[in-house]
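Please look over the model shown here.

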There are 2 protein chains.
Amino acid sequence: MVMINIDRLCARINALAEIGRVGDTHGVCRLAFSDEDRLARDHIAQLMHTLGLAVSVDGIGNIFGKRAGQTERSPVMTGSHIDSVRTGGRYDGTLGVAAGLEVVERLNELGIDTERALVVAVFANEEGARFQPDMMGSLVFQGDLDLVQALDTIGIDGTSIRDNLRRIGIAPTTRTPDKAIHAFVELHIEQGPVLERTGATIGVVEGVQGISWTEFTIGGSSNHAGTTPMSMRRDAAFVACDIAVFARRLCSAIAGNQLATAGSMSVFPNLVNVIPSKAVITIDLRNTNEEQLKLAERRVLAYAKDAAASDGTTLDVRTLARFEPVSFSPQIMSRVARSAATRSLRMHRMPSGAGHDAQILARMCPAGMIFVPSVGGVSHNFNEFTRPDDLEAGAMVLWDVLLELLNERDPASTAGI
Amino acid sequence: MVMINIDRLCARINALAEIGRVGDTHGVCRLAFSDEDRLARDHIAQLMHTLGLAVSVDGIGNIFGKRAGQTERSPVMTGSHIDSVRTGGRYDGTLGVAAGLEVVERLNELGIDTERALVVAVFANEEGARFQPDMMGSLVFQGDLDLVQALDTIGIDGTSIRDNLRRIGIAPTTRTPDKAIHAFVELHIEQGPVLERTGATIGVVEGVQGISWTEFTIGGSSNHAGTTPMSMRRDAAFVACDIAVFARRLCSAIAGNQLATAGSMSVFPNLVNVIPSKAVITIDLRNTNEEQLKLAERRVLAYAKDAAASDGTTLDVRTLARFEPVSFSPQIMSRVARSAATRSLRMHRMPSGAGHDAQILARMCPAGMIFVPSVGGVSHNFNEFTRPDDLEAGAMVLWDVLLELLNERDPASTAGI
C-alpha cells in the first residue's frame, strides 16, 4: 500500500500556520480576502507551480491547480479552503488543501500517470466570517451564487469583496477552470467530538447538516434606565437576549439533533444606564433533517415577533445564509469505508455538523468527505489539534479514494459498489 | 414676585447644546473629560467670570462659581453637571447649571445682596458613561471617594482620568472650594414620564432610588457552532442573555418599583458561527427601598451563579457603582412646595428614578431637588425636551427657594417648616 509522507504533510500545514498566526498561540486569523489570506494564497499558488500544476484563478478568487491526466475525461477534484475565522486553528480547511498537494507530490514521486486529471482546489471565503454567506467560493464556482452579486458583498468592516480583490491584487486568469467534474472528495478535520468519543480514526461522512443563519435587528427606544417604568420600556437588548435564550432552549424540543447559537450580538448605545435603542443578534440553527430545521426556524421567528410585539420594538429579519441538509454520494462513502477497512483504520459513519465546500460541489458531481478526529472536539479555536497519526490516516484514505476515481473510466462514479 | 428671564435661560441652554451637538439632532455627546466636555466647561467658566463670580476648580475638575454674601456664613449651593451620555439631550444637567447662573444674573440685575454667598457648582462626570462610578465629581467633593483613586479610574476607552485632565489642560485652582455648605438645591428635568402623566409642572423630589450597577464577565469556550453538541457547550453569550432576561423578569416579583436594565453587552469573538468564549454584560438595578434592592441584587447574583455553573462557564462579578436610596431634606421639600403653591404651579411629590449629585451633597448638608417635566418621559436620548414654560416654572421655584436659604441666619435649614 502506498504511504503518504506525513512529515512533509505536517511541515506544510505548520508552514501555512505561520501566515496569520495569532501571537504566541497555535492558531491563525486569516479572514477571507485579508492581507493574511493573500499571503497564504500566494504560498499555495507558488507550491502548486513547484509541483508542476497548471494554476488558474476564477472571478471570486478560487484557486485550481491541475495535474494533467492521460485522457480528456473530466477531472477528479479534491481540496478545501485556507481562509479562517478570527480565532481559527491550523487544520480547519488547510488539511484538505495540503493533503491534496501531498497526493500530487506522491503521484509525481512515484511517476504515476492517471486516466483523469487531478485538480486541487482552494475555495475562497469558505468561513463566511467576514463576508456572508459562507462557502461563497464554491457557490460561485458551482453556479448558484452570481459572481457579480458575490463581488458586491459588503463585509463586517464595510468594504466590498470587489474592493478587497483589487486591494490585494487578485484577478482571474485567462485559463478557465474545469466545470465538468468527475467527482469531488474533501479531507477535513471533524471539528467536533464524535470521532474521539467513538474511538474512530476515519469519519465516513454521510452528509451535512442544514444551516440557517438569521440576523435579527431590534429597534427600541433609548431612554434613562432609572426613570422609565418597566411597563413603558421598548428595550431592544432585552428582546435580543430573549430570542437568544429561546433559541437555545428550543433545541431540546426539536428532533434531529437541533443546534442553536447566538454567536454575534451588539447593542446601541451600549451604556450601563441607557435602555438600548437597537440590538443586532444572529441565530445559527442547524439540523440534519430539513423539516425539523424549518420547524425550528418557524418557532424562533414566531417567538421573535411575539417578543418584539410585546415590548413594542420593531423587528427586521434578514437571512444571512441557508443551506438544506445534503447527502453525499453513497459510492464515495463506500470507497472511503473500503479504504479504511483495507488499512485497518477504525471508521464511523456520521453527518457533518459544519458546512463544507463539498456540500456545494455535491450539486454538480458525486461528492464526499473524509473526517479525521479533532482532539477534544475543539475547532474555530486557537487550540484546534489533530494528531499526526490521524492526519496520516486521513491522507492515505484520500489517496486511495482519489486513485480509484482518477483511473475510473465510467462517466458516473458507480464502480466498486 | 420676581420673574426669571426665560428667553435668556433658553438661549444659554441652546448655546451649550451647540457644543458636542450630534449631527442634525437636538442632542449632544459630551462624555466626561472629552474635548467636547472641555469646550463646554470653558464656556461656563467664561460665563461665570462675566457674571462676576469667583471661580475655583478642584482636583477632579468640579467648577465652583461663587457670588459673595454679606456675611461669612456658610454658602448656599446650587448647580448640576454638563457632561452627557453618548446619546444625550440638551437639558439633562445643563438646566440646573444654566438656571443657577440665571439666578445669579437676576440677583446682579436687581442689585440684591444676600446674607450668605451663593455658589453655582458644575460637578464633573455625573453620568459615569465613560468613567465609573457616576456622580464622581460630587463624591470626590463630598469626600466619600478618594481623589487619587478617582484620578486613576480607567475609562471605557482604556485611558485614565488623570491622563485626560492633563490632555485637556484641567488643573485645580489655588482657591479652595467651600466645604461647609448651608444647603444644596438642584433643578433638573425629571427624565421620566411621571410629571407629564400626572399633569404637574413641579416635582417635589422626596429622594433618590438606590442604584446598583454590576458587571458580569462570563468565560466559556469558543467552539464551532455546527459540530459541538448542545450538551457539551460552554456558551458565554447564552449565560449573559439568560442573566439579562432573568433580571428583567425579576422586576415584577420585587416590591418597591424595581427596575432592571442590561444596557451594555459585548461578546467575543462575535462571529455568527462561533460559540462565544467571553461575554460581558452590565445589570443596572434600582429601587426606592434598600431592602428590596438588596433582595434583587441577591437574586440576580444567585441566578447568574447558577446559570454559569450549569453551562460550565466562569463568572466574574464586579460592582461598578452602588448607592443606597436617599431621602432629601423635608425642610427643602416644604420650601419647594410652598413656592409652587404661591406661584400657582401644580406639583407632585415623587422619588427620583435617576441618580443626581444632590444625593451625594445630602451626605454633607440639607439637600433637595426640583423636577420639571420631560416630554414623553424621554431622556438620555437626542429627543429629550422640556417646554420653555416648564423650564421657567422650575427656575422661578429655584429662585424662591435659594433666596430664602440665602437670607436664612439659622445654622440648620429649619426655618419656614
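## Symmetry of the two chains

Copies are superposed by least squares on the C-alpha atoms of residues with pLDDT of at least 70 in both. A rotation of 180° with 0.0 Å of shift along its axis brings chain B onto chain A, with an RMSD of 0.1 Å. That is the relation of a two-fold axis. In chain B, the C-alpha nearest the axis belongs to Cys241(B), 2.3 Å away from it. Both copies use the same surface: 100% of the contact residues of chain B recur in chain A. Contact means heavy atoms within 4.5 Å.

## Basis of the model

This is a predicted model, where local features need pLDDT of at least 70, side-chain atom pairs count only at pLDDT 80 or more, and totals for chains, interfaces and linings use all residues. Residues are numbered from 1 along each chain as its sequence is written, chains are lettered from A and ligands numbered from 1 in the order in which they are written, and side-chain values use heavy atoms, with hydrogens and water left out.

## H3 against H12 in chain B

Helices here are DSSP runs (H or I, at least four residues), numbered from the N terminus. In chain B, helix H3 (residues 94–110) packs on helix H12 (residues 388–406) at about 60°, with the axes 10 Å apart. Axes are lines fitted to C-alpha atoms over the stretch in contact, and angles run from 0 to 180 degrees between N-to-C directions. H3(B) is therefore oblique to H12(B). Angles under 35 degrees count as roughly parallel, over 145 as roughly antiparallel, 65 to 115 as roughly perpendicular and the rest as oblique.

H3(B) contributes residues including Leu95(B), Val103(B) and Arg106(B), while H12(B) contributes residues including Leu391(B), Trp399(B) and Leu406(B). By class, this contact of H3(B) with H12(B) has twelve nonpolar, one polar and one charged residues.

## H1 against H12 in chain A

In chain A, helix H1 (residues 6–17) meets helix H12 (residues 388–406) at about 105°, with the axes 10 Å apart. That makes H1(A) roughly perpendicular to H12(A). Ile6(A), Leu9(A), Cys10(A) and Ile13(A) of H1(A) touch Pro388(A), Leu391(A), Glu392(A) and Ala395(A) of H12(A).

## Around Phe141(B)

Phe141(B) sits in helix H4 (residues 136–142) of chain B. Is Phe141(B) buried or exposed? Phe141(B) is buried, with a relative accessible area of 1%. Buried means under 20% relative accessible area and exposed over 50%, with partly exposed in between (1.4 Å probe, protein chains only).

Phe141(B) and Asn62(B) are 79 residues apart in sequence, yet 7.9 Å apart in space, C-alpha to C-alpha. Leaving aside neighbours within four places in sequence, Phe141(B) has contacts that include Asn62(B), Phe64(B), Phe123(B) and Met364(B).

Definitions and conventions:
Helix = DSSP H or I, 4+ residues; strand = E, 2+ residues; numbered from the N terminus. Nonpolar A, V, L, I, M, F, W, Y, C, P; charged D, E, K, R; others polar.
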